[in-house]
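User: I am new to this structure. Please take me through the terms used for it, one at a time.

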Amino acid sequence: MHAATASSNARITGLVTGHPAEKGVKFGALYNVPKNSIYNYETFDRLRDNPAVDAVYIALPNSMHCEFTIRAAEAGKHVLCEKPMAISSAECRRMIEACRLANVKLMIGYRTHYDATFRKLRELVRSGALGEIQSYQGGFYGMRNKQQWRLDRTLAGGGSLLDLGIYPLNTIRWFTGEEPESCRALVATRDKSGAYASVEQSIDWMVKFPSGILASGGSSYGQSGTNFLAINGTTGHLRLEPAFVYGDAILKYTGTSGDADLSGAGPVYDPDQFVSEATHFADCILHNSKPLTSGEEGLADLLAIEAIYAAAGTPIA
């Protein structure tokens, strides 16, 4: 919401909350949203009658993305949906079709695609500055999120791969411009408390792309670790760490390109990833263009995620 108000072409004109008397009043006052533009989940469909609302941002638990994307589309509203797009590729296809039939935009919230550091590194890699790319490694590790719904399979759809591991997976797909053709994976849960009764504690995977590029990654809710992206070419390499966090983080990269050293940094909030994302979404609506991170991008991630879980012997769809 802060990013929308900080952008040059968007603003908050409505709110949906399960607590309209508390959160609705608080955030309505903060963003100057009139009382008749504050909805709950039961009255969500009344958005169709509110011309002040052009689009809806969906940041609900993963298993609710499909339902509310379709309901928003049927109400005639464009959709910016958080990642993961849904909890199965079948749901992704339903969302894409609903938005197509309603003639509304569907964009998935891959914020790193709108970050200056990531875009610079992607251009560097694709320019051949590291030679022919051979492999990628990436990971995102952190202790269990305080939002306990993420450990409930019925709400989250799966474990840390859908929440954390999707970052290196999506970035590698984006940088290579390819889709995995084969994969291997392992899951493990060492915790004995029962906290991970419905989702795995940790997952590691490896995929091969049609070009021969190999990529490996991992994520966990139960490990104390870092988040990083490493790229190895025939004549150079680089490493970005931290890579996928935001807040006060500075994204830092180091490496070599031929005989030259590489190093640089970029603050997440200068320019702000979220502001750039919100501005792009609004531009797509205003100028009738396709978002860079469309529903098809979200679908491709879910297909890869499904293949990884299936390879680990724990299919999610």
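Analyst: Start with axes. They are lines fitted to C-alpha atoms, for helices over the stretch in contact, and angles run from 0 to 180 degrees between N-to-C directions. Helices (H or I, at least four residues) and strands (E, at least two) are DSSP runs, numbered from the N terminus. This is a predicted model: local features need pLDDT of at least 70, side-chain atom pairs need 80 or more, and totals for chains, interfaces and linings use all residues. Residues are numbered from 1 along each chain as its sequence is written, and side-chain values use heavy atoms, without hydrogens and water.

User: Why are helix 5 and helix 7 called oblique to each other?

Analyst: The axes of helix 5 (residues 116-126) and helix 7 (residues 160-176) cross at roughly 45 degrees and come within 9 Å. Angles under 35 degrees count as roughly parallel, over 145 as roughly antiparallel, 65 to 115 as roughly perpendicular and the rest as oblique. Helix 5 and helix 7 are therefore oblique.

User: What makes the contact of helix 5 with helix 7?

Analyst: Contact means heavy atoms within 4.5 Å. Helix 5 brings Phe-118, Arg-119, Leu-121, Arg-122, Val-125 and Arg-126. Helix 7 brings Thr-171, Trp-174, Phe-175 and Thr-176.

User: Why is strand 9 described as largely enclosed by the rest of the structure?

Analyst: Buried means under 20% relative accessible area, exposed over 50%, and partly exposed in between (1.4 Å probe, protein chains only). In strand 9 (residues 214-220), 5 of the 7 residues are buried, so the strand is largely enclosed.

User: What pairs with strand 9, and in which sense, parallel or antiparallel?

Analyst: Two strands pair if DSSP finds at least two bridges between them. Strand 6 (residues 133-141) has 7 bridges to strand 9, in the parallel sense. Strand 8 (residues 202-208) also has 7 bridges to strand 9, but runs antiparallel. Ser-216 is the bridge partner of Gln-137, and Ser-216 also stands opposite Met-206. Strand 8 and strand 9 form a hairpin with 5 residues between them, and Gly-212 in the turn has a positive phi of about 105 degrees.

User: What makes strand 3 and strand 5 edge strands?

Analyst: The open sheet of 3 strands has the order 3-4-5, with parallel pairing. Strand 3 (55-58) and strand 5 (106-108) each pair on one side only, so they are the edge strands. The twist averages 15 degrees from one strand to the next. Helix 8 (residues 273-287) packs on this sheet, touching strand 3, strand 4 and strand 5. Strand 3 and strand 4 (residues 78-81) pair over 4 bridges, with Val-56 opposite Val-79.
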